[in-house]
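Here are some exercises to work through with the sequence and the 3D structure beside you. Try each task before you read its solution.

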Amino acid sequence: MTSSETEFVRVLEADGTYAPNAAAEQYLPLIEAISDAELEQFYRDMVAIRAIDNQATNLQRQGQLALWPPSRGQEAAQVGSARAARAQDTIFPSYREHAVTRIRGVDPLGIIKLMRGVSHGGWDPTDPANGNTRLYTLVLGSQTLHATGYAMGLAFDGRSGTGDPERDEAVIVYYGDGASSQGDVHEAMVFAASYQAPTVFFLQNNQWAISVPVATQTRAPFAQRSAGYGIPSVRVDGNDVLASYAVSRIALDEARAGGGPRAIEAETYRLGAHTTSDDPSKYRTANEEQSWEKRDPITRMRAFLENKGASASFFDDVDAEGAAAADDLRVRTLELGPPPVNTIFDHVYSDPHPLMDEQRAWREQYEASFEGGAQ
């Protein structure tokens, strides 16, 4: 992978036309090897997660969740990169990677539990069923440090760079344009570059750090920041799932093989609010939103598949699958009850701790002090 100030990889035009630009030429053998079934799976992934995302937004509006961070508009960046990872790779998400986590096997209900406030993390990151996916991180940028530390451990333990692609491991960490200004991100890049850790930094540039536009955040492409640390970096059209897949696949392969860290800036757009507590109409224009709606990643991929001969029944089936997944999530969300009270004391420390025992005993005594005992 080469570094360039101007490189911007795109394979599909906004209207779905297959028209690779010059920067995409090196990726074409990989892209052209993607089977029709895999192309259709990319589309299924995007449609399903948008249906789930819309359902979760509705659940929050109806008082079933405390918060929800929509991912609408960023599906191609996430699906392409997640499908590019190997099973042995470890994923460090931020808090908007709904497509990534679902592809890796995480039940979307785990995210719901977190946003509903009935779970400390939502899922067990050590459970193989969750595809080596770590927990969501709401502290901006801190996951890049976690990812780099983990990747350094892979290198120290000889679990990367052995020459065996079926065994070698890498890490991919997701963060946003706003988080890229956090010191944690830059410290992570320093250590990743110094120790040649097999880390892929995947920045989703969705144009807005809550209400702060990209023009205020940086005077140059974000990819130049990582390149400044000696990390080979590339910019990609984040609304082009094929480009996202190819760029991520090569970056992960290179990192896994011992080539050191890589960085990707996926330029996309957050079509929805930052979270359900946000009102984007206060800081961005309708014209801007409409211009990005025309570059919608799902619409783009659908047009591409239609041009390849996909049938109307295929799209109908995909829409039905997405609707079913969303309905299932709604039913299971409404069935959630409160967690056991003692859960608050679990998993605070990795081993039994006297402070937790003391606090648990105090709570029990306090509850017993009420008339009728514990409530």
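## Exercise 1: A serine in a helix

S226 has its place in helix α9; helices here are DSSP runs of H or I with at least four residues, strands are runs of E with at least two, and both are numbered from the N terminus. The model is a predicted one, where local features need pLDDT of at least 70, side-chain atom pairs count only at pLDDT 80 or more, and totals for chains, interfaces and linings use all residues. Residues are numbered from 1 along each chain as its sequence is written, and side-chain values use heavy atoms, leaving out hydrogens and water.

**Task.** Decide whether S226 is buried or exposed, and find what its side chain reaches.

**Solution.**
- Step 1. S226 counts as buried because its relative accessibility is 4%. The cut-offs are under 20% relative accessible area for buried, over 50% for exposed and partly exposed in between, with a 1.4 Å probe and protein chains only.
- Step 2. Its side chain reaches the backbone oxygen of A223 at 3.0 Å.
- Step 3. Leaving aside neighbours within four places in sequence, S226 is in contact (heavy atoms within 4.5 Å) with M189, I231, S233 and A263.

## Exercise 2: The largest cavity

**Task.** Find which residues are closest to the centre of the largest cavity.

**Solution.**
- Step 1. The largest cavity has a volume of about 70 Å³. A cavity is a set of points on a 1 Å grid over the protein atoms alone where a 1.4 Å probe fits but cannot get out, and lining residues have an atom within 4 Å of a point. Grid points are joined across faces, edges and corners, and the volume is the space filled by probe spheres set on them.
- Step 2. Of its 13 lining residues, Y175, M189, L203, F222 and S226 are the closest to the centre.
- Step 3. Two or more lining residues come from each of α7 (183-195), α9 (223-227) and β8 (262-267).

## Exercise 3: The nonpolar cores

**Task.** Which members of the largest nonpolar core touch the most other members?

**Solution.**
- Step 1. A nonpolar core is a set of buried Ala, Val, Leu, Ile, Met, Phe, Trp, Tyr and Cys residues joined through side-chain atoms within 4.5 Å.
- Step 2. Among the 67 residues of the largest one, the answer is V9, F42, Y43, L242 and M301.
- Step 3. Leaving aside neighbours within four places in sequence, L242 is in contact with residues including V11, I31, F42 and M301.
- Step 4. Another core, of 21 residues, lies apart from it and includes V173, A179, V185 and L203.

How values were computed: 1 Å grid on protein atoms, 1.4 Å probe; cavity = no way out; pocket = protein on both sides within 12 Å on 5 of 7 lines; lining within 4 Å. Polar contact = N/O pair within 3.5 Å; in protein donor to acceptor, adjacent residues only side chain to side chain.
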